[in-house]
Amino acid sequence: YALKISDYNHILTLETFLQGKILVQDVSSMLVAEAASPKKGDHIIDMCAAPGGKSIHAADKMGDYGNVDARDVSQYKADLIEENIHRTGVINVEARVQDATVYDPDSEQAADIVIADVPCSGYGVIGKKPEIKYRATPQKQEEIVMLQRMILDKAAKYVKPDGTLIFSTCTIAREENEENVHKFLETHTEFELEQMRQCFPYERCDGFFMAKMHRK
């Protein structure tokens, strides 16, 4: 049900978009909700959710059951999520401002599924955003890796026993992807790896990485 559309000038000219019948998202990003495989009634926390595509996709897979706590770091980003919630008419997604690097004690082991689609270098979308390559430095790369690990550590605390943690990025850098996952599993032995996939642009999608982990 991932569709490629053409022969239009702007997305806002399409009635199907304005009526909330379609949502813009790369096919690789759709793998997150597919892998998470939410069940009716699940409680999902999406930690870096803006503009809300993954949250709404996951909610759609649950029908009108369960709920998605869609968070991001600023009011601007929360408003982007709200805009998509309103347009699509989804009733089981709630947007709020929450810094993913700050521990939320109220969420301790509260979620059946936690999605951590973390900030990254963006090397997987250079084809769409060529300016990324001019901003990259070794120092920035190291800072991004540390930020990702900080968010992943918080995300782990919110997963219920027998719950699912999804870690994803839109990059192809091993230190942000596979190496981060291996480091996480070394320090969080209560988790086990179920699935890991790196997508590349030549597969007709964005460069995208995803790992699915299960809390024992």
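Modeller: Let's begin at Ser28, which sits in the loop between H1 and H2. Names such as these come from DSSP runs, numbered from the N terminus: a helix is a run of H or I with at least four residues, and a strand is a run of E with at least two. Residue numbers start from 1 along each chain as its sequence is written. Please keep in mind that this is a predicted model, in which local features need pLDDT of at least 70 and side-chain atom pairs count only at pLDDT 80 or more, while totals for chains, interfaces and linings use all residues, and that side-chain values use heavy atoms, without hydrogens or water.

Ser28 has a relative accessible area of 1%, so it counts as buried. The word means under 20% relative accessible area, while exposed means over 50% and partly exposed lies in between, using a 1.4 Å probe and protein chains only. The side chain of Ser28 makes a polar contact of 2.6 Å with the side chain of Asp26. Such a contact is a pair of N or O atoms within 3.5 Å; within protein, one must be able to donate a hydrogen and the other to accept it, and residues adjacent in sequence count only if both atoms are side-chain atoms. Leaving out residues up to four places away in sequence, Ser28 touches Cys199, Cys205, Asp206 and Phe208, where contact means heavy atoms within 4.5 Å.

E7 covers residues 208-215, and eight of its eight residues are buried, so the strand is largely enclosed by the rest of the structure. Phe208, Met210, Lys212 and His214 point one way from E7, whereas Phe209, Ala211, Met213 and Arg215 point the other way.

Which strands pair with E7? Strand E5 (residues 159-169) is joined to E7 by six bridges, and the two run antiparallel. Strand E6 (residues 191-199) is also antiparallel to E7, with eight bridges joining them. Pairing here requires that DSSP find at least two bridges between the strands. To find these pairings on screen, look for Phe167 opposite Ala211, and for Leu193, whose bridge partner in E7 is Met213.

Now follow E7 along to His214. With 13% relative accessibility, His214 counts as buried. Its side chain is joined to that of Asp162 by a polar contact of 2.7 Å. Neighbours within four places in sequence aside, His214 is in contact with Asp162, Gly163, Glu190, Phe191, Glu192 and Glu194.

Asp162 itself deserves a stop. This residue is in strand E5 and, although not a glycine, has a positive phi of about 70°. Its relative accessible area is 59%, so Asp162 is exposed. Another non-glycine with a positive phi, of about 65°, is Arg204. Arg204 lies in the loop between E6 and E7 and counts as exposed because its relative accessibility is 74%.

Next, the nonpolar cores. A nonpolar core is a set of buried Ala, Val, Leu, Ile, Met, Phe, Trp, Tyr and Cys residues joined through side-chain atoms within 4.5 Å. In soluble globular proteins, nonpolar side chains tend to be buried together. The largest core in this model has 24 residues, and Ile44 and Val93 have the most contacts inside it. E7 is among the elements that give it two or more residues, along with helix H2 (30-36), H3, E2, H4, E3 and strand E4 (111-117). H2 supplies the largest share, four residues. You have already met Met213 as the partner of Leu193, and Phe191 as a contact of His214.

Finally, a word on cysteines, as two of them touch Ser28. A disulfide is a pair of cysteine sulfur atoms within 2.5 Å, and by that rule the model has zero. Cys120, for example, is in no disulfide; the nearest cysteine sulfur, in Cys170, is 3.3 Å away.
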